Amino acid sequence: MIKNLFTIIMITCYCMYGKNSMVVLDPASVEILYMIGAEDEILAIPDMKNIKPIEKTSKLTKVGTFTYPNVEKIISLKPKRVILTSYSIGLTDQLKRYNIETLQLPVTNLKDIYNNILTLGKLTNREEQAKKVATEFMQKIEHIKMTPINKSGVFIYSSTPLMVFGGDTLPSDVLYHLGITNIAQHVEVNKPIVNAEFLTSKNPDIILYGLRINNRDELLRANPSFKYLKAIKNNQIYFLEIHTLLRGSPNIIDEMLKIKNDFK
C-alpha cells in the first residue's frame, strides 16, 4: 500500500514537473536541452527565428522576446522554473512572488558552455547524455586549438560608436582558441568604445565584424583610416553571424570552424 502510494506521488510529481516544466528565455539553453534530449521540459521560449533546431523550436509557444519577455504570459503558463538571460533584469523578483524558480547560466568563455551543459543535464535528469555532449564539445574545441591561426585580430561590435569585444567575453575566448590574439584582450570593459587610432596602432592581421555592422563599406565609411590596416589591405576581414558567437551553445563550434576554414 505504502509502495503504491509512493509510486503515485512520484508519477504525479513527474506529470507536474517532469515534462513542460520550464520557460526557457535563454536561446543557448534551448539548444542545449534539445542536444541532451530534454526538449520535453520546455514550456515556452522567446520569439526568435534562429534557435536550433529551427524546424522544431519554431512550433513552440512563445513568450515575447528574450530581451522583453511577456511576464503575464509566463506566469499564466505556471512553470516550475524560468531560465533567464543577462537581459532579464528584475524578472527574478517578479517571478518569486508566484513561487517560480529562476536560473541564469553564466557564459563568458567556452568552459562555461561545458559547465552549463552538465548543469542542465543534472536539472533535467539527463546527466549521461549531457556528459556525452559536453565531452564531445570540449574535444572539438581542443582539436581546433591544435592548429592555431597565429594571427592578431579584433572583433568589432559596432562602427558608430566604434566598439570591440574586450578580453573577458565569449567572442574573445573564441579568438583565443582559434589562435587569434585579440588586440583588445587587456581592455577591462566587455564592449569598450575605442577610437580609430587604437586599431591603427595595433594594426591587426584579421578583422571580424557583425551584428551592428552590415558590410565592409559601412565600416570603412565610418572609419576611413582603416583602409591602411593590414587586415583591409590583405582582405582579411570577415562578416560573422555574431548571434552564434554570443550564444553560449555548443553550436558555436560551427561558427568557429567557418572562421578556421577561411584561413586554410
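**Strands and helices, with reasons**

Author: This is a predicted model. Strand S1 (residues 22–24) and strand S2 (residues 42–45) run parallel and are joined by 2 bridges.

Reader: What makes S1 and S2 a pair?

Author: Two strands pair if there are at least two bridges between them. S1 and S2 have 2 bridges, so they count as paired. Val23 stands opposite Ala44 in S2. Between S1 and S2 the chain passes through helix H2 (residues 27–35).

Reader: Which hand does this β-α-β crossover have?

Author: The crossover from S1 through H2 to S2 is right-handed.

Reader: How do you know that S2 and strand S3 (residues 61–62) pair?

Author: The cut-off is at least two bridges. S2 and S3 share 2 bridges, in the parallel sense, and therefore pair. Ile45 has Lys62 in S3 as its bridge partner.

Reader: Why are helix H8 (residues 170–178) and helix H13 (residues 252–262) called oblique to each other?

Author: H8 and H13 pack at an angle of about 50°.

Reader: Which residues of H8 and H13 meet?

Author: Leu170, Val174, His177 and Leu178 in H8 meet Ile252, Met256, Ile259 and Lys260 in H13. The residues of this contact are 6 nonpolar, 1 polar and 1 charged.

Conventions
Residues are numbered from 1 along each chain as its sequence is written. This is a predicted model: local features need pLDDT of at least 70, side-chain atom pairs count only at pLDDT 80 or more; totals for chains, interfaces and linings use all residues. Side-chain values use heavy atoms; hydrogens and water are left out. Axes are lines fitted to C-alpha atoms, for helices over the stretch in contact, and angles run from 0 to 180 degrees between N-to-C directions. Helices (H or I, at least four residues) and strands (E, at least two) are DSSP runs, numbered from the N terminus. Contact means heavy atoms within 4.5 Å. Ala, Val, Leu, Ile, Met, Phe, Trp, Tyr, Cys and Pro count as nonpolar, Asp, Glu, Lys and Arg as charged, and the others, Gly among them, as polar. A crossover is right-handed if, with the strands pointing away from the viewer, the path from the first strand over the helix to the second runs clockwise.
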